[in-house]
Every structure is written in structure tokens, then in C-alpha cells.
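These are my notebook entries on a single chain. I record what I looked up, entry by entry.

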Amino acid sequence: DTPLFGGAEKQLLWLTKNLDRNKFEPIIICRQLESLQPLIDAANELKIKTYLINSKSKHSLSNLTELNKIIKSENPDLIKMLNNLHIKYDLPVTLP
């Protein structure tokens, strides 16, 4: 939930790196911040599809709107979130 390349981001990379690519196609969605560039670079090296959300605040409701659009377009089978924005505003992230 911080705009840094820390423990949660490293765990996310470990998880996506070790997923069976015959069964899963990992996708990372994160805010477009200079401090998260190591996460983005590592995801690109691992050939993981990455979406960047341009936002000034992690608490912005526009993040949820953008996230929801991406989720609807990708139609994932599984979602792992590393923040609690959807819980904070008591808003579900809807799946198609």
C-alpha cells in the first residue's frame, strides 16, 4: 500500500514468476510511479503483462474505476490485491 518497491511487490513478483504459465497468465496492475519502476521493469523481463494506472493518490476513487475497467477487459479467473482500496470505500470490484 506504499508507493515503494518493497516486500509486497517482491512477493508479487515471486508469485507471478512461479505460476504455471500453462495454467495461468499473470497480469500486474499498479500505479504509474517512478518508485515502482523496478516492479514494472522486473515484470517486463518476466514477460508479465502490466497495466499502469496514472494516479496522484492511492486513495483516489478513479483508481477503482480504472481497475474495474481492466478487470472487465481481462476477465480474470483469480485476483490477488495487495491493497485495500476496495474495502476502504466498501465498494466491490465487480467481475463480468
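This is a predicted model: local features need pLDDT of at least 70, side-chain atom pairs count only at pLDDT 80 or more; totals for chains, interfaces and linings use all residues.

Entry 1: I then asked which side chain K49 meets in a salt bridge. The partner is E74, at 2.8 Å from N to O. K49 belongs to strand β2 (residues 49-53) and E74 to helix α3 (residues 61-74), so the pair links parts that are 25 residues apart in sequence. I note as background that side chains of opposite charge can pair when their charged atoms come close. A search of the structure returned one salt bridge.

**Entry 2: order of elements.** Read from the N terminus, the order is α-β-α-β-α-α.

**Entry 3: helix α1.** Next I asked which residues of α1 are buried. They are E9, L12, L13 and T16. These residues lie on the same side of α1, because they cover an arc of only 100° around the axis. I recall that an α-helix has 3.6 residues a turn, so residues three or four places apart point the same way. On the face turned away from the buried side I found the exposed residues Q11 and W14. I also looked up the packing partners of the buried residues of α1, which are β1 (27-31) and α2 (37-45).

**Entry 4: nonpolar cores.** I looked up the largest nonpolar core and counted 10 residues: L12, L13, I28, C30, L33, L36, L39, I40, A43 and I48. Two or more of its residues come from each of α1, β1 and α2. The largest share, three residues, is that of α2. Apart from this core I found another, of five residues, including I53, L64, L67 and I70. As a general remark, nonpolar side chains tend to be buried together in soluble globular proteins.

**Entry 5: totals for the chain.** I closed with the chain as a whole. Of its 96 residues, 26% are buried. The accessible surface is about 6,800 Å², with 53% of it belonging to carbon and sulfur atoms. Among contacts with a separation of 6 or more, 50% join residues 24 or more positions apart.

Conventions: Residues are numbered from 1 along each chain as its sequence is written. Side-chain values use heavy atoms; hydrogens and water are left out. Helices (H or I, at least four residues) and strands (E, at least two) are DSSP runs, numbered from the N terminus. Buried means under 20% relative accessible area, exposed over 50%, partly exposed in between (1.4 Å probe, protein chains only). Contact means heavy atoms within 4.5 Å. Accessible areas come from the Shrake-Rupley method with a 1.4 Å probe; for residues, only the protein chains shown count as cover. The arc is that of the directions from the helix axis to the C-beta atoms. A nonpolar core is a set of buried Ala, Val, Leu, Ile, Met, Phe, Trp, Tyr and Cys residues joined through side-chain atoms within 4.5 Å. A salt bridge is a side-chain nitrogen of Lys or Arg within 4 Å of a carboxyl oxygen of Asp or Glu.
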